[in-house]
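This briefing goes through one protein chain, from its overall form to its surface. Please keep the sequence and the model in view while reading.

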Amino acid sequence: MKKIIANFRKDEDGAVTVDWVVLTAAMVLLGLLIMIAIGGGAENAANWLKSTMEGLVT
């Protein structure tokens, strides 16, 4: 039983998994923040392009 507990304490696979989960969550959060930051500008640019192209057609 002592050997099992000692091996469990030395095993670092769980710690690596936690590191990857935290890193992935941080990247997702960063992506969402970037989308929020540029979302309004992208929508304005799309609306401008739409109105410009509609002006060319009519």
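How much accessible surface does the chain have, and what share of it belongs to carbon and sulfur atoms? The accessible surface comes to about 5600 Å², and 72% of this area belongs to carbon and sulfur atoms. The model is a predicted one, and the values below are computed from it.

**Overall form**
- The secondary structure of the chain consists of two helices and zero strands.
- Taken along the principal axes, the box filled by the C-alpha atoms is roughly 80 × 20 × 10 Å.
- The radius of gyration of the chain is 25 Å, whereas a compact globule of 58 residues would have one near 10 Å.
- Of the 58 residues in the chain, 0% count as buried, where buried means under 20% relative accessible area.

**Helix α2**
- Helix α2 covers residues 13-57, and its 45 residues reach 61 Å from the first C-alpha to the last, which is close to the 66 Å expected at 1.5 Å a residue.
- At Ile38, α2 bends by about 40°.

**Nonpolar surface patch**
- A nonpolar patch on the surface is formed by Val16, Trp20, Leu23, Met27, Leu30, Ile34 and Ile38, which together have about 720 Å² of accessible area.
- Leu23 lies in helix α2 and counts as partly exposed because its relative accessibility is 44%, a value between the 20% and 50% cut-offs.
- The C-alpha atom of Leu23 is separated by 28 Å from that of Ala6, the two residues being 17 residues apart along the chain.
- Ile34, which is also placed in helix α2, has a relative accessibility of 44% and so counts as partly exposed.

Methods: Residues numbered from 1 in each chain as written. Predicted model: local features only at pLDDT ≥ 70, side-chain atom pairs only at ≥ 80, totals over all residues. Heavy atoms only, no water. Patch = residues over 30% accessible without salt bridge, like charges linked within 9 Å, V, L, I, M, F, W, Y side chains within 5 Å. Areas by Shrake-Rupley, 256 points an atom, 1.4 Å probe, with all protein chains shown as cover. Salt bridge = Lys/Arg side-chain N within 4 Å of Asp/Glu carboxyl O. Helix = DSSP H or I, 4+ residues; strand = E, 2+ residues; numbered from the N terminus. Buried < 20%, exposed > 50% of the residue type's maximum accessible area, 1.4 Å probe, protein only. Expected span 1.5 Å × (residues − 1). Bend = angle between axes of the 7 residues up to and from the residue. Rg over C-alpha atoms; globule rule 2.2 N^0.38 Å.
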